[in-house]
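Visitor: Could we take a close look at one part of this protein, and see how that part sits in the whole?

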Amino acid sequence: MDTTKTPAPNAAEADSTPVALEKTETTQPAEAAADSAVTDNVTDEVTDADLDDEALAEDEAEDREPSHVGSAAFAIVAAGLGVVALSGSWVAGIVSERASIAARLELTQAADANAQIAAQFVDPWHTTAMVNGIFSALALIVATFVLALPAFSSPERTLPTWVRSVSWAGIGLGALGILLFVLMYFDLLLAIPKAAGAGA
């Protein structure tokens, strides 16, 4: 009787099964690690992109210059007031006419020529000078305010060049207007005409 045992036909398959299992077990952790690595990379890329966008937005907000609409408007107003003060305005004309009428109403029939000259010319002249001086002072104040405004805000804030130029023009026109006001009001620019032979 043959006592030798022949290996079962499934012996090779049985021997190879553990190897296949080991390969399967080894492959699954490798795939999981690869998937987690890809997920981590994607997450890192998204996070980095979000941080870059936020940093870019902050940089743009910091680099964005403040609006100078108000300063520009006041600078133009100051220059306009200076021009009006030098060229005259309808306000000065109306006030001058009113001063002339009021001075004439105060005249009497016995008023001499010098009094009539003062009523018709000197009083309106002084009134016009006063109105123009007010416009000049306003121009000077507004232009100075515009130039001094950055000193009361953030130190890095600076006005555009054209706004500063217009403001300096307003200061120059305002100063010139005030000078003319002084010369006109105190009769330093032109002497008051006197009637020859009029009584004192």
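Visitor: To start with the wider setting, what share of the contacts in the protein chain with a separation of 6 or more comes from residues 24 or more positions apart? After that, please zoom in on Asn-132 in helix α4.

Guide: Happy to, and keep in mind that this is a predicted model. Residues 24 or more positions apart make up 82% of those contacts, counted at a separation of 6 or more.

Now for Asn-132. You'll find it in α4, the helix that covers residues 113-148. Its relative accessible area is 11%, so Asn-132 counts as buried, the cut-off being under 20%. Buried residues make up 20% of the 200 residues in the chain. What does Asn-132 touch, once residues up to four places away in sequence are set aside? The list is Val-84, Ala-85, Gly-88 and Ala-92.

For a contrast, hop over to Asp-187, in the segment after α5 (161-185). Its relative accessibility is 23%, so Asp-187 is partly exposed, that class lying between the 20% and 50% limits. The backbone is worth a glance there too: phi of Asp-187 is near 55°, a positive value in a residue that isn't glycine. Most residues other than glycine have a negative phi.

Key: Residues numbered from 1 in each chain as written. Predicted model: local features only at pLDDT ≥ 70, side-chain atom pairs only at ≥ 80, totals over all residues. Heavy atoms only, no water. Buried < 20%, exposed > 50% of the residue type's maximum accessible area, 1.4 Å probe, protein only. Contact = heavy atoms within 4.5 Å. Helix = DSSP H or I, 4+ residues; strand = E, 2+ residues; numbered from the N terminus.
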